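The sequence and the structure come first.

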Amino acid sequence: MADARTRRLAERIAVLVAELLERRIKDPRLGFVTVTEARLTNDLREATVYYTVLGTPEEQAESAAALHSATGVIRSEVGRQLGLRHSPSIEFVADALPDNARRIDDLVAAARQADEELARAREGATWAGDPDPYKKPAEDEDDWADEDE
């Protein structure tokens, strides 16, 4: 687990990158990008910035290209504002969280539909076999007669 300083710097990098994308980077290919998380190695040399983009796969690819081309500007500005001796190299990675959430939603919807189909099939159904499935020993009338005497 990263120490407190590394976590604080990673959070600060995420905020700085989000602000830079909003205010300074004016690439027309850049779509609606949301920075979800930044991770920094313990030696403070490499930062991985996770992002999501709303839009079609083509718009997502264009935004990824725009981020890749703006990496140098973003790195120099992040290094200047953090005040570190060495600016961390920045790598942008598309976050898989929205895809995973969409997949989970699809699985939950499929399970809900299967439950509804099962409930419809169960309507009006009765139990198979006897109402009391447990076997009981047969009672002999002779045994009762012997006990009365």
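Why does Thr 71 count as buried? The relative accessibility of Thr 71 is 16%, and buried means under 20%, so Thr 71 falls in that class. The model is a predicted one, and the values below are computed from it.

**Buried residues**

Thr 71 lies in helix α3, which covers residues 71-82. When its neighbours within four places in sequence are left aside, Thr 71 is in contact with Ile 90 and Phe 92. Ile 90 also takes part in the sheet, as the bridge partner of Ala 47 in β3.

Two loop residues are buried as well. Leu 30 sits in the loop between α1 and β1 and has a relative accessible area of 15%, which is why Leu 30 is classed as buried. Not counting residues up to four places away in sequence, Leu 30 touches Leu 21, Ile 25, Ser 63, Ala 66 and Leu 67. The C-alpha atoms of Leu 30 and Gln 60 are 8.6 Å apart, with the two residues separated by 30 residues along the chain.

Leu 44 belongs to the loop between β1 (32-40) and β2 (46-54). Its relative accessibility is 13%, so Leu 44 counts as buried. Leu 44 is not a glycine, yet its phi is positive, at about 65 degrees.

| Residue | Location | Relative accessible area |
|---|---|---|
| Leu 30 | loop between α1 and β1 | 15% |
| Leu 44 | loop between β1 and β2 | 13% |
| Thr 71 | helix α3 | 16% |

**The sheet**

Strands of a sheet pair through backbone hydrogen bonds, in a parallel or an antiparallel sense. Here three strands make an open sheet in the order β1-β2-β3, and the pairing is mixed. β1 and β3 (89-94) are the edge strands, each pairing on one side only. From one strand to the next, the twist averages 30 degrees.

The pairing of β1 with β2 is antiparallel and extends over eight bridges. These two strands form a hairpin with five residues between them, and Leu 44 is in the turn. Thr 34 has Thr 52 in β2 as its bridge partner.

β2 and β3 run parallel and are joined by six bridges. Across this pairing, Tyr 50 stands opposite Val 93 in β3. Helix α1 (residues 4-23) packs on the sheet and touches β1, β2 and β3. The direction of α1 makes about 160 degrees with that of β1. β2 is mostly covered, with seven of its nine residues buried.

**The largest pocket**

Empty space is located by rolling a probe the size of a water molecule over the atoms. How much space lies in the largest pocket? The volume is about 280 Å³. The lining consists of 13 residues, and those nearest the centre are Thr 52, Val 53, Gln 60, Asp 95 and Pro 98. Two or more lining residues come from each of β2, α2 (57-69) and α4 (97-122). Which element gives the most to this lining? β2 does, with four residues.

By class, the lining of the largest pocket has seven nonpolar, three polar and three charged residues.

Notes:
Residues are numbered from 1 along each chain as its sequence is written. This is a predicted model: local features need pLDDT of at least 70, side-chain atom pairs count only at pLDDT 80 or more; totals for chains, interfaces and linings use all residues. Side-chain values use heavy atoms; hydrogens and water are left out. Buried means under 20% relative accessible area, exposed over 50%, partly exposed in between (1.4 Å probe, protein chains only). Two strands pair if DSSP finds at least two bridges between them. Axes are lines fitted to C-alpha atoms, for helices over the stretch in contact, and angles run from 0 to 180 degrees between N-to-C directions. Contact means heavy atoms within 4.5 Å. On a 1 Å grid over the protein atoms alone, a cavity is a set of points where a 1.4 Å probe fits but cannot get out, and a pocket is an open set with protein on both sides within 12 Å along at least five of seven lines; lining residues have an atom within 4 Å of a point. Grid points are joined across faces, edges and corners, and a volume is the space filled by probe spheres set on the points. Ala, Val, Leu, Ile, Met, Phe, Trp, Tyr, Cys and Pro count as nonpolar, Asp, Glu, Lys and Arg as charged, and the others, Gly among them, as polar.
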